[in-house]
Amino acid sequence: SPRLIGLSDGNQLFIQHISLQPKLYIFGGGHISLPLAELGKMLGFYVAVIDERYEFANEQRFTSADQVICQSFEKAVTEIEYLPDNYYVIVTRGHLYDRMCLEAVLQHPFAYVGMIGSRSKIKVVMNYMLANGYDQSLLDQAHSPVGLDIGAQTPAEIAVCIAAEIIQVKNQRLGHSFMDEGLLKYLQDPAQPAALVTIIEKTGSSPRAAGTQMLVLKDGSFLGTI
């Protein structure tokens, strides 16, 4: 976590691990993906939705998403950027696409990957992957069935249970402070003097965690919020 360390010469060193805004990739543009994309934006994620069907993958349908990719899953999984802080939810319409997306994600470091489906459907996918050389310990890292078990029934309820599991995983990853991409870009090329405000420690019911940052510009405007 962000902290101050006293040095032998009497000075103090502030240490903080910075990650970019986490990205949520949703494979599949069906009924669950729509509320999940909206929840992802509310939670501060960069949200990208992928589906090969234009009627399910267009900006008019996913108005809250940052990126909508309309192309085959086979092509999309080779072109997206895989980062250790990325989150992936697989909600496609078939075994083949589920497995294709899961195989692609498991080849890279990730923060979270979840795959929807009945236990029998998931068993078919996992048994196939085991038979083709995937280690059980790697497959165990996939959250499947996806989401917390809260008895969800409707697409919106299922999206909520998936989002809840993502929150649980994100908040268990200690030592990471997510910096808004706009804030980071400004720091790389500042247009005017600014002060970087960082929460080093919190107690009680403070709404923002240690490591949260806000950039206050000379003209009184700001980027981010604490």
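A residue counts as buried if its relative accessible area is under 20%, as exposed if over 50%, and as partly exposed in between, with a 1.4 Å probe and protein chains only. F45, with a relative accessible area of 1%, is therefore buried, and Y87 is buried as well, at 0% relative accessibility.

The model is predicted, so that local features need pLDDT of at least 70 and side-chain atom pairs count only at pLDDT 80 or more, while totals for chains, interfaces and linings use all residues. Residues are numbered from 1 along each chain as its sequence is written, and side-chain values use heavy atoms, without hydrogens and water.

Strands, which are DSSP runs of E with at least two residues, are numbered from the N terminus, as are helices, runs of H or I with at least four. Five strands form an open sheet with parallel pairing, in the order β6-β5-β4-β7-β8, where two strands pair if DSSP finds at least two bridges between them. The edge strands, each pairing on one side only, are β6 (67–70) and β8 (112–115). Strand β7 (residues 87–90) is joined to β8 by four bridges, and Y87 has Y112 as its bridge partner in β8.

Rings of Phe, Tyr and Trp (its six-membered ring) pair if their centres lie within 6.5 Å; planes under 30 degrees apart count as stacked, over 60 as edge-to-face and the rest as tilted. The structure holds six aromatic pairs, among them the two tabulated here.

| Pair | Type | Centre to centre | Angle between planes |
|---|---|---|---|
| Y25 and Y88 | stacked | 5.7 Å | 15 degrees |
| F45 and Y87 | edge-to-face | 5.1 Å | 80 degrees |

F45, in the loop between α1 (33–42) and β5 (46–51), lies 42 residues from Y87 in strand β7.
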